[in-house]
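Subject: Structure handover

Hello,

Here is the structure I said I would pass on. Please have it open while you read the notes below.

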Amino acid sequence: MSVLKSLALVFALSGLAACGGMNFGQGTPPAAYLVFFEPGSTDLGPDARAVVARAARDAAAVRPTIVRITGYTDKAGTTTENLTLSERRTQAVAETLLADGVPLDKIRRQPLGESVATDTGLDATQDRRVEITFADR
């Protein structure tokens, strides 16, 4: 396994930990569900799908007014490319949430691209993410 894939797996598992680990369906939902991506990718791997599925289950349980999907990228590529990539990532997560039962009228996408990216090196793994949060307005 490549170093990059290992890091992505670690961050994906961190995202699951942020969702309460393996105690799916128990307790209060986390402040954010973190979905991580490989560089330049919009594909949701098994760990990312598990995070999105947890968010969908929790949304059904707590019934928020809004399920916000905020997309980020690292600084690799142009600003325009990164904004487009974050748009595609938020779309991929939105489609998965819809398939998992979250109503379309609750979903709000906010692609931010590289506007808050931290680095372009291996530490940039955390920048290649989508955050799912719940809100009342």
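The notes below go from the whole chain to the sheet, and then to one residue.

This is a predicted model, in which local features need pLDDT of at least 70 and side-chain atom pairs count only at pLDDT 80 or more, while totals for chains, interfaces and linings use all residues. Residues are numbered from 1 along each chain as its sequence is written, and side-chain values use heavy atoms, with hydrogens and water left out.

The chain has three helices and four strands, arranged along the sequence as α-β-α-β-α-β-β. Helices (H or I, at least four residues) and strands (E, at least two) are DSSP runs, numbered from the N terminus. Of its 137 residues, 42% are buried, meaning under 20% relative accessible area with a 1.4 Å probe, protein chains only.

The four strands form an open sheet in the order β1-β4-β2-β3, with mixed pairing; two strands pair if DSSP finds at least two bridges between them. Because β1 (33-36) and β3 (107-113) are at the edges with a single partner strand each, one side of each has no neighbour in the sheet. β1 pairs with β4 (residues 129-135) in the antiparallel sense, over four bridges. Within this pair, Y33 has I132 as its bridge partner.

Is D74 buried or exposed? D74 counts as buried because its relative accessibility is 8%. Its side chain reaches the backbone nitrogen of A76 at 3.1 Å.

Regards

Note on methods: Buried means under 20% relative accessible area, exposed over 50%, partly exposed in between (1.4 Å probe, protein chains only). A polar contact is a pair of N or O atoms within 3.5 Å; within protein, one must be able to donate a hydrogen and the other to accept it, and residues adjacent in sequence count only if both atoms are side-chain atoms.
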